[in-house]
Structures are given as C-alpha cells and as structure tokens.
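Hi,

Here is the structure I said I'd pass on. Have a look at it first, and my notes on its aromatic side chains follow below.

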Amino acid sequence: MATVGTRLFTWWKGDLVGEDQFGNKYYKEKGNPTGPFGRERRWVIYKGRPEASKVPAAWHIWLHYTTDLLPDQQSFERNTWEEEHLPNLSGTNMAYHPGGSVVVSGERQKSTTDYEAWKPE
C-alpha cells in the first residue's frame with residue numbers, strides 16, 4: 001500500500017494514464033513539469049503488496065523512459081516462446097517448492113552435476 005505522502009502527492013499532482021491487468025495504476029505529473037533529469041515524473045501505485053515484478057514489460061519501458069508511448073499505443077509482436085507475464089510469486093502460496101523442501105514432503109532431487117567436494121589433505 002502506498003504511503004500517505006505518496007497518496008497525497010498522487011492526488012495533488014498525479015494524472016492517471018492507465019492501469020494494467022494486475023490493477024496497478026500508472027501516473028505522470030499533471031501539466032508537463034519536469035522532474036529529475038529534465039523529464040516528466042512517472043510512477044506506479046501497486047495494487048496490494050508493492051512488488052516491482054508486477055509491472056508488465058510494456059509499462060516497465062514507459063516508466064523507465066525507454067518510450068513515451070503508453071502500452072495501448074505500442075505494437076509488440078509476441079514470440080512463440082513467450083509466456084503471459086507473472087509477478088514474482090516468492091513468499092506467496094503460489095511459490096515454487098521443489099521436492100524435499102521444508103514446505104513440501106518428498107525426497108530432494110538428485111544432483112546431476114559432476115561436482116566433487118573439496119577434501120583437505
């Protein structure tokens with residue numbers, strides 16, 4: 001959740017430019033003032049826990065000034081190997097837990113490396 005200062009600044013100076021499929025809202029500063037480095041200020045208010053991996057690629061490149069085009073103005077050709085964007089699920093119930101971890105029962109997977117442990121002589 002955004003801090004009180006961030007919410008107040010967003011209410012006072014923020015101009016909502018869009019929302020992504022996860023409910024995150026994207027803003028730029030009202031009017032056309034310049035922020036740090038002579039560029040307009042852009043920011044995101046996350047829905048739920050603030051987690052940068054929740055930002056899809058099209059919004060990421062807009063936030064980081066790679067493009068001035070909003071995602072609905074961008075044209076992307078998806079590669080056949082690309083999957084739908086997922087935020088980082090670590091620390092959630094949807095996190096990956098391999099067999100043998102403390103969360104999931106079962107045996108740990110065997111290592112397939114050719115690593116030999118060092119033994120002092």
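Leu-8, Trp-11 and Trp-12 make up a nonpolar surface patch, with about 450 Å² of accessible area together. A patch here takes residues with over 30% relative accessible area and no salt bridge, nonpolar side chains (Val, Leu, Ile, Met, Phe, Trp, Tyr) being joined within 5 Å and like charges within 9 Å. A salt bridge puts a side-chain nitrogen of Lys or Arg within 4 Å of a carboxyl oxygen of Asp or Glu, and areas are Shrake-Rupley with a 1.4 Å probe, only the protein chains shown counting as cover.

Bear in mind that this is a predicted model: local features need pLDDT of at least 70, side-chain atom pairs 80 or more, while totals for chains, interfaces and linings use all residues. Numbering runs from 1 along each chain as its sequence is written, and side-chain values use heavy atoms, without hydrogens or water.

Trp-12 belongs to helix H1 (residues 4-13); helices (H or I, at least four residues) and strands (E, at least two) are DSSP runs numbered from the N terminus. With 56% relative accessibility, Trp-12 is exposed (buried is under 20%, exposed over 50%, partly exposed in between; 1.4 Å probe, protein chains only). The charged end of Lys-13 sits over its ring, 4.7 Å from the centre, and Arg-39 lies over the face of Tyr-65, 4.1 Å from the ring centre. That needs NZ of Lys or CZ of Arg within 6 Å of the centre and within 35 degrees of the ring normal.

Cheers
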